[in-house]
Amino acid sequence: MTSLVTRMLRAARLDATLYEEVEADHSALWQATGVVVLSSLAAGIGDRGSSVSGGLVLTTLATLLGWYIWAYLIYFVGTRLLPGLRTEADWGQLLRTIGFASAPGVCQVVGVVLPGPTWTSFLFLIVAVWMLAAMVVAVRQALDYESTARAIGVCVIGWVIQLIIASVFLGLLSPSHPPALEPSQANVTEWLEVYLT
């Protein structure tokens with residue numbers, strides 16, 4: 001079994017063969033789970049959090065749930081709505097590849113030593129773009145697409161559906177604040193922090 005650190009480094013380098021490897025390796029689900037947890041903890045610590053904070057634990061659990069939902073959405077959109085000629089995948093393959101696409105998120109821990117929130121926000125933006133690129137590679141490989149554009153399309157559609165689900169869910173959790181049809185920039189930022197980390 002390949003070491004977790006080696007796989008994370010390859011995933012962060014957008015190594016397509018890594019994503020093919022974990023797609024086929026059923027035992028890699030635990031490693032993928034570890035990558036998602038490490039990325040979430042790094043984001044919480046990098047955003048001046050604490051590893052023992054209750055909020056950090058809840059954020060990590062929410063991130064794991066978001067990962068499961070995201071993988072299912074990508075699976076559904078990629079195999080039912082936009083399948084390629086060679087597309088043959090299952091939910092577990094998407095869980096594993098998408099989990100490893102979170103590997104760049106570990107870099108967010110650097111935010112804890114940056115001089116202020118502006119620098120931390122800039123770091124988080126760079127890492128979010130990096131993770132998005134990793135996600136596209138992961139989806140392309142897991143769904144056996146010949147086109148990167150199709151993988152981008154699947155990610156965009158899945159992201160929009162997840163934002164709608166998150167909006168409804170957050171609206172149900174906050175009865176004093178009815179869900180807005182046009183989310184504010186603050187809500188979008190909160191969603192991006194939760195769902196991209």
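**Cores and helices of a predicted model**

C155 counts as buried because its relative accessibility is 4%, where buried means under 20% relative accessible area, exposed over 50% and partly exposed in between (1.4 Å probe, protein chains only). C107, by contrast, counts as partly exposed, since its relative accessibility is 29%. The structure holds 0 disulfides, a disulfide being a pair of cysteine sulfur atoms within 2.5 Å.

This is a predicted model, in which local features need pLDDT of at least 70 and side-chain atom pairs count only at pLDDT 80 or more, while totals for chains, interfaces and linings use all residues. Residues are numbered from 1 along each chain as its sequence is written, and side-chain values use heavy atoms, with hydrogens and water left out.

C155 is also one of the residues that V139 touches, together with I74, Y145, A151 and V154, when residues up to four places away in sequence are not counted; contact here means heavy atoms within 4.5 Å. V139 itself belongs to the largest nonpolar core, of 35 residues, where Y19, I74, L94, I98, F100, V139 and L143 touch the most other members. At least two residues of this core come from each of α1 (4–12), α2 (16–24), α3, α4 (54–81), α5 (91–100), α6 (117–142) and α7 (148–173). Apart from it lies another core, of 5 residues, including A43, L123, F124 and V127. A nonpolar core is a set of buried Ala, Val, Leu, Ile, Met, Phe, Trp, Tyr and Cys residues joined through side-chain atoms within 4.5 Å.

Helix α3 (residues 29–46) has 18 residues, and among its buried residues are V35, V36, A42 and A43. After α3 comes R48, whose phi is positive, near 70 degrees. Helices (H or I, at least four residues) are DSSP runs numbered from the N terminus.

Technical notes. The expected span of a helix is 1.5 Å times one less than its number of residues.
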